[in-house]
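Here's a walk through one structure, taken a piece at a time. Have the model open beside you as you read.

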Amino acid sequence: MKQLGIYIHIPFCVKKCVYCDFLSFPADNAAKRTYMAALQEEIRAVARDYSAYEVRSVFFGGGTPSCMEKELIGDCLLTVREQFCVADDAEISMEVNPKTASLEKLEYFRKAGINRLSIGLQSADDRELKLLGRIHTYADFLDVYAWARQAGFQNINIDLMSALPGQNLETWQKTLHSVLELEPEHISAYSLIVEEGTPLFDRISQYPPLPDEETDRLMYHETKRLLAAHGYTRYEISNYAKKGFESHHNQIYWQRGCDHISNYIGLGLGASSTVGNYRYKNTDSLSEYLTFFSTPEAFRCEVQYLSKQELMEEFMILGLRRMEGISEAEFQRTFQVSLCSIYKETLSKWQAAGCLAKRDGFWFLTEQGIDVSNTVLADFMKI
Ligand code: SF4
């Protein structure tokens with residue numbers, strides 16, 4: 001059977017964080033219930049096209065899935081299970097904001113079949129959290145983490161963010177040490193990107209200064225060093241896991257382009273899907289999304305055919321973010337053409353610069369390459 005990953009977008013948050021450019025907004029319970037009814041209709045409509053697929057991962061993201069009434073998430077997961085062929089050992093993840101979960105809720109989610117939590121902590125420093133507009137404190141997070149363990153979750157990711165306004169190497173180290181004491185199975189550590197159109201971007205001068213580029217790199221290297229010392233393997237530029245706890249959801253997404261595990265569908269407002277040579281995107285308009293219930297096409301505002309060249313670019317860009325890198329054999333199998341015949345010049349150029357290396361048929365970014373990864377990866381889009 002072909003394999004499939006499912007992403008389910010829950011676009012509701014209690015309050016918008018100042019740096020957030022995700023499709024998310026506050027809503028009352030009535031609006032949330034209406035949305036979930038539409039989402040279930042979409043699940044039923046879309047599932048008809050995927051009877052030949054086995055679902056390897058389901059990911060409730062947002063927004064804040066944990067701000068929903070718990071039964072709405074439980075019912076949605078039940079519908080997914082009824083409509084799709086979900087593998088018995090599928091990874092079923094949910095994002096949690098520490099201010100929106102209780103022991104009772106987490107116990108319910110665990111019983112409903114969610115087996116992995118991704119808790120958005122971002123920082124263990126309350127001042128930094130406040131500046132970001134997060135609604136929780138570090139103490140709130142500690143409660144939720146303890147409840148999650150008590151509820152039986154044995155696979156927990158903690159999301160962290162560096163390069164925050166006013167942050168320095170010392171406060172970042174404190175955050176890392178605090179989190180490491182808890183021994184989560186997985187840690188994601190991204191640098192803040194100040195996106196245009198966010199309140200942080202518009203009022204950046206009113207915030208404490210962002211760390212400079214050098215401090216940002218120091219934070220990155222410190223993350224890698226400390227996490228490695230505590231038994232975490234970095235398997236993607238920003239993701240670290242204890243052995244056997246690499247996220248299936250992430251892997252499906254990053255292995256896009258490889259023919260053995262390459263398809264994921266996004267359900268819900270604004271969600272994107274990539275299946276075979278096609279990319280679909282659902283409407284971003286809530287009123288539009290709530291209007292259509294009949295066919296999958298009705299939800300889609302964009303349908304894009306991906307050419308072989310675009311698929312190759314995606315293969316390279318997503319593949320090189322993984323520490324393992326990309327396999328020449330896999331490239332050949334997927335595209336029926338050798339990697340070097342397409343990318344010889346670019347590979348040689350970055351290999352000579354010390355940013356790419358090759359071992360056992362795999363090309364990967366070196367430490368030096370990771371430091372300038374955006375520039376290196378962008379080069380694979382110019383062929
Ligand atoms: S909790 Fe996440 S999705 Fe919601 S506003 Fe904050 S950053 Fe955005």
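Predicted model: local features only at pLDDT ≥ 70, side-chain atom pairs only at ≥ 80, totals over all residues.

Put together, the three strands make an open sheet in the order E13-E15-E14, with antiparallel pairing. Strand E13 (326–327) and strand E14 (356–359) are the edge strands, each pairing on one side only. Helix H14 (residues 339–352) packs on this sheet and touches E13, E14 and E15. The direction of H14 makes about 125° with that of E14.

How many residues sit between E14 and E15 in their hairpin? There are two, and Asp 360 in that turn has a positive phi of about 50°.

**Two helix pairs**

Two packed helices are described by the angle between their axes and the distance between the axes. Here are both pairs with those values:

| Helix pair | Angle between axes | Distance between axes |
|---|---|---|
| H12 (residues 308–321) and H13 (residues 328–335) | about 160° | 12 Å |
| H2 and H3 (residues 103–112) | roughly 10° | within 10 Å |

Take H12 and H13 to begin with. They pack at about 160°, which makes H12 roughly antiparallel to H13, since angles over 145 degrees count that way. Their crossing is right-handed. On the H12 side, the contact is made by Lys 308, Leu 311, Met 312, Phe 315 and Met 316, while H13 brings Glu 330, Phe 331, Thr 334 and Phe 335. Sorted by class, that contact has six nonpolar, one polar and two charged residues.

Now for H2 and H3. Their axes cross at roughly 10°, so H2 is roughly parallel to H3, the cut-off for that being under 35 degrees. Lys 70, Glu 71, Ile 73, Gly 74, Leu 77 and Arg 81 in H2 meet Glu 104, Lys 105, Tyr 108, Phe 109 and Ala 112 in H3. By class, the H2 contact with H3 has five nonpolar, one polar and five charged residues.

**The ligand and some backbone details**

Which residues are found around the ligand? They are Cys 13, Lys 15, Lys 16, Cys 17, Tyr 19, Cys 20, Phe 22, Ser 24, Gly 63, Thr 64, Asn 97 and Arg 134. The shell has five nonpolar, four polar and three charged residues.

The peptide bond from Gly 62 to Gly 63 is cis, with omega near 15°. Gly 63 itself lies in the loop between strand E2 (53–62) and helix H2 (70–83).

Last stop: Gln 122, found in strand E4 (residues 116–122). Is the phi of Gln 122 positive or negative? Positive, near 75°, in a residue other than glycine.

Key:
Residues numbered from 1 in each chain as written. Heavy atoms only, no water. Pairing = 2+ DSSP bridges. Helix = DSSP H or I, 4+ residues; strand = E, 2+ residues; numbered from the N terminus. Contact = heavy atoms within 4.5 Å. Axes fitted to C-alpha atoms, helices over the stretch in contact; angles between N-to-C directions. Near = heavy atom within 4 Å. Nonpolar A, V, L, I, M, F, W, Y, C, P; charged D, E, K, R; others polar. Parallel < 35°, antiparallel > 145°, perpendicular 65-115°, else oblique. Left-handed = near helix turned anticlockwise from the far one by under 90°.
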